[in-house]
Amino acid sequence: MDAFAEDHEQMTVRQDSNTGLKAIIAIHSTRLGPAAGGCRRWRYPDTASAVTDALRLSKSMTYKNALAGLPFGGGKSVILADAQPITEAQLEVLGEWIEALHGRYVVAEDVGMRVADMHVVRRRTRYVSGLGLNGIGGDPSPKTALGVYRGIEVAVRHRLGRNDLGGLTVAIQGLGNVGFQLAKRLHRAGAQLRVADLNSKQVARVVEQFKATPVAVDDILFQDVDVVAPCALGAIVNKTSVEHIKAPIIAGSANNQLSTASVGVRLRERGVLYAPDYVINAGGVISVAHEYLGGEDPSWVGQRIDAIGSLLSEIFVTAEREKSATQAIAERMAEAVLNAPVPSLEIVA
Ligand code: NAD
């Protein structure tokens with residue numbers, strides 16, 4: 001990906017010879033406020049792949065925060081993992097690098113990072129959230145899962161004309177922090193689950209607790225189910241896989257699910273309703289933003305997560321009326337927010 005084609009404000013690639021930490025911090029936009037976005041730790045094949053991921057993810061954060069009505073821009077950090085667990089010394093260095101940006105970037109958890117890691121990062125920077133101090137905020141995953149659940153409800157109503165999820169079949173790809181919480185909610189609602197994860201322990205836990213049916217990792221997206229919920233990594237719907245999707249709905253937490261915009265158009269042509277990722281998965285950043293802004297009212301978070309459903313509904317209806325891809329409609333709406341006069345900072349209750 002060409003960084004300049006995407007108009008990123010800043011990208012830093014840094015390496016610390018003492019601890020071995022290698023990370024990228026990408027700031028796509030600070031137009032609406034500090035660039036907020038989680039830190040992902042993953043074993044990338046090379047630095048170029050990590051850079052591409054950081055650029056794509058940070059741009060999605062700009063759209064996500066804009067559409068969620070948050071006074072934040074979009075950014076993301078990416079750590080190039082090796083076979084060893086991350087060390088406290090590495091997390092402290094990450095904190096120093098974030099502090100050196102003087103608040104232009106605010107970090108929280110993403111794939112491969114835990115609340116405890118954010119507490120270590122906090123030793124070196126104040127620009128961190130997802131800490132859960134005084135019982136506020138903390139791990140964003142349950143809030144993300146709640147937003148995805150609300151989004152699935154809306155998508156099912158729109159595409160299948162059903163008001164409840166009882167008896168529906170949902171295939172979940174990825175049973176980590178978000179996928180597990182989503183499985184729990186769907187099971188409680190009476191949905192039948194098919195599940196896959198690279199980690200067999202995650203699968204066993206969900207099979208045992210939620211009576212899910214395990215499916216091979218390579219087959220999970222192509223199940224004949226009502227909903228496919230991608231909750232692992234991005235770019236899983238590409239020009240090959242899109243032709244084999246059988247479910248009428250794709251709605252999950254993974255960031256950047258579509259490899260290109262044209263895949264979104266193809267989904268529409270094939271009658272698959274796609275819930276744009278940066279709309280449906282905003283629950284976590286809503287919680288992280290509330291915590292960072294010093295909010296103390298959980299209903300503020302709940303109301304905004306409920307609003308994910310209304311926004312998705314608007315996107316689905318508009319896309320249908322205009323015969324457009326849902327992703328294109330979401331992007332247009334996000335650009336409209338970004339191009340509007342910048343609102344004053346919201347006071348959080
Ligand atoms: P996680 O690391 O806890 O879980 C990801 C899971 O996906 C892991 O169990 C991993 O083994 C599995 N996985 C990876 N590749 C896979 C594959 N090809 N097939 C099957 N399983 C695979 O991450 P998470 O926090 O649950 O996040 C999941 C997705 O949701 C990510 O794309 C993340 O960026 C996105 N997201 C998360 C949050 C949040 O609050 N955690 C918020 C917004 C978006």
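Colleague: How many salt bridges does the structure hold?

Modeller: The structure holds 18 salt bridges, where a salt bridge is a side-chain nitrogen of Lys or Arg within 4 Å of a carboxyl oxygen of Asp or Glu. This is a predicted model, in which local features need pLDDT of at least 70 and side-chain atom pairs count only at pLDDT 80 or more, while totals for chains, interfaces and linings use all residues. Residues are numbered from 1 along each chain as its sequence is written, and side-chain values use heavy atoms, with hydrogens and water left out.

Colleague: What does Arg126 pair with?

Modeller: Arg126 forms a salt bridge with Glu99, and their closest N and O atoms are 2.4 Å apart. The pair links distant parts of the chain, 27 residues apart, with Arg126 in the loop between helix 3 (115-121) and helix 4 (141-160) and Glu99 in helix 2 (residues 88-99). Helices (H or I, at least four residues) and strands (E, at least two) are DSSP runs, numbered from the N terminus.

Colleague: And is Glu99 buried or exposed?

Modeller: Glu99 is buried, with a relative accessible area of 19%, whereas Arg126 is exposed, at 58%. Buried means under 20% relative accessible area, exposed over 50%, and partly exposed in between (1.4 Å probe, protein chains only).

Colleague: Which residue does Asp306 bridge to?

Modeller: Asp306 forms a salt bridge with Arg150, the closest N and O atoms being 3.0 Å apart. Asp306 lies in helix 10 and Arg150 in helix 4, so the pair ties together parts that are 156 residues apart in sequence. Asp306 is partly exposed at 40% relative accessibility, and Arg150 is partly exposed at 26%.

Colleague: Which residues are linked in a network of salt bridges?

Modeller: Such a network links Glu88, Glu92 and Glu96 with Arg123 and Arg124.

Colleague: Switching to helix packing, at what angle do helix 10 and helix 11 cross?

Modeller: The axes of helix 10 (residues 298-322) and helix 11 (residues 326-339) cross at roughly 115 degrees and come within 9 Å. Axes here are lines fitted to C-alpha atoms, for helices over the stretch in contact, and angles run from 0 to 180 degrees between N-to-C directions.

Colleague: Which residues make that contact?

Modeller: On helix 10 they include Leu311, Ile315 and Phe316, and on helix 11 they include Ile329, Ala330 and Met333, with contact meaning heavy atoms within 4.5 Å.

Colleague: What about Ser60, where does it sit?

Modeller: Ser60 is in helix 1 (residues 47-67) and is buried, with a relative accessible area of 6%. Leaving aside neighbours within four places in sequence, Ser60 is in contact with Asn256 and Tyr278. Ser60 and Asn134 are 74 residues apart in sequence and 30 Å apart in space, C-alpha to C-alpha.

Colleague: What is the phi of Asn134?

Modeller: Asn134 has a positive phi of about 55 degrees although it is not a glycine. For background, most residues other than glycine have a negative phi. Asn134 is found in the loop between helix 3 and helix 4 and is exposed, with a relative accessible area of 79%.

Colleague: And His102, what is its phi?

Modeller: His102 also has a positive phi of about 55 degrees without being a glycine. His102 is in the loop between helix 2 and strand 6 (105-106) and is exposed, with a relative accessible area of 66%.
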